[in-house]
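Open the model in a viewer and keep the selection tool to hand. The stops below go from one selection to the next.

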Amino acid sequence: MIKRWLLAATLSSAICLISAPAASAQSATARNAGSRVDVKRAQKALADGKKAAETGKTSEALEAFTTATLYDPDSSAAYLERGRIFQQLNQNEKALTDYNEAIRRVPTDGDAYFLRGQLYQNINQHAWAIEDFNRAEQNKVDTPALYNSRAAVQAKLEHYKEAVDDYGKGIRLRLDNPEPYKDRGKVRLEMGEYRDAIDDFTRALELRPTWTEMLVERAFAQGQLGNFDRAVTDFTIALEREPKNKRALFLRAEAYKRLSRWDDAINDLDAAVEIDPKDPNLYMARAGAFVPLKRYEDSLRDRSEAIRLNPKNPRGYIARGGSYHQLGRHTEGFADRTRAIEMAPDLDEGWLARGSAYFILGDFSKAVSDLEKAAGLAPGNRETQVILSQAKMKVAESRVPARPAEEAGAELPKPPVELPKPALSKPVEVAVVNPQTPKIEVKEPQLPQPKPVEVAVVKPPVLPKAQPIEPKAASPKPTEPPKRLPKVLPTPKEMSVDNRSTADFLRQGSDYNSSSRFLEAIDEYNKAISKNPQLAAAYNGRGYSKMRMRDYRGAVADFNKAIALQPGYPNALRNLAAAQRMLEKH
């Protein structure tokens, strides 16, 4: 409070200096008024000022209001009206001084608190704005403008529940204004209340049917619920009205990806690139759509352009390295992933991507080295652990010496078949990590999971029963030969690998959530987390399932984990706010 009034006092002192030239321009009557109080002349000047303000004659209005303050220095209305004009002219310091004078003269003037609150809102003094709006309400101000203004400030402070409540008050006082429905819908998006947001956007569209922005917002909310067909419908209507709406094109492309409509996604991203050819996210998104179509050259081209536009993004190099590997250009692929590691040595994705490429190309020692570093940076990543375990097995197999034949004529089982190394000239599917795209949740690219190698097992020949071979006593040997590794990779739970990718688990979990089959959704997200414990989208999805089942504590824990893995994750932040609000209620 002390700081606030010090600021006001400082501004008031400054205004005295700023206002001096204005005083010299006042009418002779006003200058000669001196210290005489003439309430009637003050009221006439006040009325003249209001009339001038209504017709847009701001200079005349300011002169009239100043005259009113000279004839009646206690006229709070004159200060209030002059402050309103100053605020319209963006002369906030002068406006603040006049509002303070009005409040000093009439401390119960709710309109003065409201106007000063709006001024604080404009200069981003949110806490002071809330305080003044509260005082305005306490002093009998009950208008849609008050509640909508306070709601907007509450939303900026991330007080989402309070914002929704205030928008509701404003809407009840005026049901035909679409703006509060739009603003409340956006707050509900932040809270993860997507169905309620859709209802608000729909009402806004009923009041203003041509509002393209509301179509895009409603489509986005549909996408968050996994209703991608409905999202595409709204995006399409919006784009018919505004064909060059980049955001609508980008988000519809992401919806098309979730529907595996790759060509449609590429067409939308082509159009978006024409609108803004300097946005690296558009190129990365289009590159991801080229990969399922095996258009690796096109994917490489787009990833290279994204790197040119944003050369400081290590994930761009990881992704482009994948394109090089897919084209069989392994030297360049390793170079890009090495560059990513040099740029961000603490990012496990770079080590994992390069290590998985070494594994698939049969360089198991280097694979072990990279994967151990990835595992050290992200100890809970099961995908890394599985590939690392298999790489270590292959290294151990290559070091096992052959066991000498124990008896003449007895054929020992053949050793396991070696995993053939792919020729470097052939394209190899390797890990590709795409950067995160905003808004609609899409498939998150996953590093390829090497499948356990099915090793051929040759049974020893069956000897004739009539001539069994009697086992001989083993003669002592100076050194015991090392034990053989299993001929077939073990298949306990800790080594089992589901053939589906984490993206498949995420997609299925989202489908189950959309169908309100939350237990099944949680099971799918658990599988995704088991494969990749660093997958923020899986924790976010599982948290949403728990929230819908009213397990708010579990939901909060999952959303916090998602945010810890991916700071600034928009969906997780919105969902966390919603879960925390529900937890407070229950």
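A residue counts as buried when its relative accessible area is under 20%. That cut-off is used at several stops. The model is a predicted one.

**Whole chain**

Begin with everything selected. The chain has 586 residues, of which 48% count as buried. Its secondary structure comes to 28 helices and zero strands. Among contacts between residues at least 6 apart in sequence, 59% join residues at least 24 apart.

**Residues 212-224**

Select helix α13, residues 212-224. Twelve of its 13 residues are buried, so α13 is largely enclosed by the rest of the structure. To colour the buried set, pick Thr212, the run from Met214 through Leu215, Val216, Glu217, Arg218, Ala219, Phe220, Ala221 and Gln222, and then Gly223 and Gln224. The set includes the charged residues Glu217 and Arg218.

What covers these residues? Show α11 (178-191), α12 (194-207), α14 (228-241), α15 (246-258) and α28 (570-585), which are among the elements that cover the buried residues of α13.

Next, check the length. At 1.5 Å a residue, α13 should span 18 Å, and its end C-alpha atoms are 19 Å apart, which agrees. Step just past the helix to Gly226, where phi is positive, at about 80°.

**Residues 348-360**

Move to helix α21, residues 348-360. From first C-alpha to last, α21 reaches 18 Å, close to the 18 Å expected for its 13 residues. Here too, twelve of the 13 residues are buried, so α21 is largely enclosed by the rest of the structure. Among the buried residues are Asp348, Glu349, Trp351, Leu352, Arg354, Tyr358 and Phe359.

Just after α21, select Gly362, which has a positive phi of about 85°.

**Residues 518-531 and 536-548**

For the last stop, select helix α25 (518-531) together with helix α26 (536-548). How far apart are their axes, and at what angle do the helices pack? The axes are 9 Å apart and the angle is about 160°. That makes α25 roughly antiparallel to α26, because angles over 145 degrees count as such. The crossing of α25 over α26 is left-handed.

Show side chains at the contact. From α25 come Phe518, Ala521, Ile522, Tyr525, Asn526, Ala528 and Ile529; from α26 come Ala538, Tyr539, Gly541, Arg542, Ser545, Lys546 and Arg548. By class, this contact has eight nonpolar, three polar and three charged residues.

Note on methods:
Residues are numbered from 1 along each chain as its sequence is written. This is a predicted model: local features need pLDDT of at least 70, side-chain atom pairs count only at pLDDT 80 or more; totals for chains, interfaces and linings use all residues. Side-chain values use heavy atoms; hydrogens and water are left out. Axes are lines fitted to C-alpha atoms, for helices over the stretch in contact, and angles run from 0 to 180 degrees between N-to-C directions. Helices (H or I, at least four residues) and strands (E, at least two) are DSSP runs, numbered from the N terminus. Angles under 35 degrees count as roughly parallel, over 145 as roughly antiparallel, 65 to 115 as roughly perpendicular and the rest as oblique. A crossing is left-handed if the near helix is turned anticlockwise from the far one by less than a right angle, and right-handed if clockwise. Contact means heavy atoms within 4.5 Å. The expected span of a helix is 1.5 Å times one less than its number of residues. Buried means under 20% relative accessible area, exposed over 50%, partly exposed in between (1.4 Å probe, protein chains only).
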